[in-house]
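Dear colleague,

Please find the structure below, together with its sequence. My notes on it follow.

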Amino acid sequence: MGGVGVLRISDGAVRTVLALKDHVASSTVMVVGPGDGLWLSDYAGVRVLAPDGALRVVRGVKDGPRYDNLVVRSPSDVWAVSNDIEWEVVHYDGQRWKAVRRRTDFPGRYDDNKFNRMVVNGEGVWVASWNGVWRGSGGKWEAIVVPAEIEAHADLWVYRDRVILGGIDVHYLREGDAWRALPWPAHGSVLRALADVGVVAAPNVDSPSLSLRAVEGEGCTRVSEAVAGGRIEEFTVDGAGRSWVSTDRGLAVLDVQGRILARWETGGLPGLT
């Protein structure tokens, strides 16, 4: 939260676990790693906040670049992408950060190749950009053939260690060396969240609610209850299939049926402004 820092909600209470200045909080990327450690990345580097409150610096810099799209496999196996024009894929082995692939190493139609998304599974590191999709494994990288409908809009997720590839209104599940089309309803270019429990969530454009479905099921399973606010800004799905939603007016937690389990509107939690 801007002007406050990192808040932790636990056992019905909320407390500030790390104070941050407003401009730092607004640019901080948070990722939960193995062991419940919270990885924090901003323009001053990367830090890890342990459950007991201890803070460990794993990358110190001055004025960036910030590392985005962090994928924390273990404390000694972390992947990220630098947030700058000449972006690069970097890896942390527990000792140092090393650039393993640069923007120019993904050639194609666009000279100003933009980064879309990176995921990591048992097959390797997958990178989607305007110039296509690549997979890196054992230091070797190869271009992956994708369906023609994807074009420059490729997005990636991992579901039960399998890659899901998405375009504007099409989605595919990787099976061997092929892609199987998923019957997900089109929602334009909005981002989705999914979890290994098998729940997909996508925000609706006409109300502050989520469309919920099974990863490999037909059609929409549920449209959630509307949450307070005019628009959904951030959302994620946790290991139990619950959707955590942030709007312009507060926070809410939804169950797999789309019912509101908890809600905190602006002013309902200390620091929630």
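The side chains of R66 and D68 are joined by a polar contact of 2.7 Å; a polar contact here is a pair of N or O atoms within 3.5 Å, where within protein one must be able to donate a hydrogen and the other to accept it, and residues adjacent in sequence count only if both atoms are side-chain atoms. Please note that this is a predicted model, in which local features need pLDDT of at least 70 and side-chain atom pairs count only at pLDDT 80 or more, while totals for chains, interfaces and linings use all residues. Residues are numbered from 1 along each chain as its sequence is written, and side-chain values use heavy atoms, with hydrogens and water left out.

R66 lies in the loop between β6 (55-60) and β7; strands are DSSP runs (E, at least two residues), numbered from the N terminus. R66 counts as buried because its relative accessibility is 14%, where buried means under 20% relative accessible area, exposed over 50% and partly exposed in between (1.4 Å probe, protein chains only). D68 is buried as well. The R66 side chain also reaches the backbone oxygen of S27 at 2.8 Å. Leaving aside residues up to four places away in sequence, R66 touches several residues, including V29, Y43 and V81 (contact: heavy atoms within 4.5 Å).

Salt bridges

R66 and D68 also form a salt bridge, defined as a side-chain nitrogen of Lys or Arg within 4 Å of a carboxyl oxygen of Asp or Glu. By this rule there are 18 salt bridges. One of them joins the side chains of E123 and R135 (2.9 Å, N to O). This pair links distant parts of the chain, with E123 in the loop between β11 (115-121) and β12 (124-129) and R135 in strand β13 (residues 132-137), 12 residues apart. E123 counts as partly exposed because its relative accessibility is 34%, whereas R135 is buried at 13%.

Sheets

Four strands form an open, antiparallel sheet in the order β7-β8-β9-β10, where two strands pair if DSSP finds at least two bridges between them. Its edge strands, β7 (67-74) and β10 (97-102), each pair on one side only. Within this sheet, 5 bridges join β9 (residues 88-92) to β10, and H91 stands opposite K98. Another open sheet of 4 strands, also paired antiparallel, has the order β15-β16-β17-β18. There, β16 (residues 162-166) is joined to β17 (residues 171-175) by 3 bridges.

With kind regards
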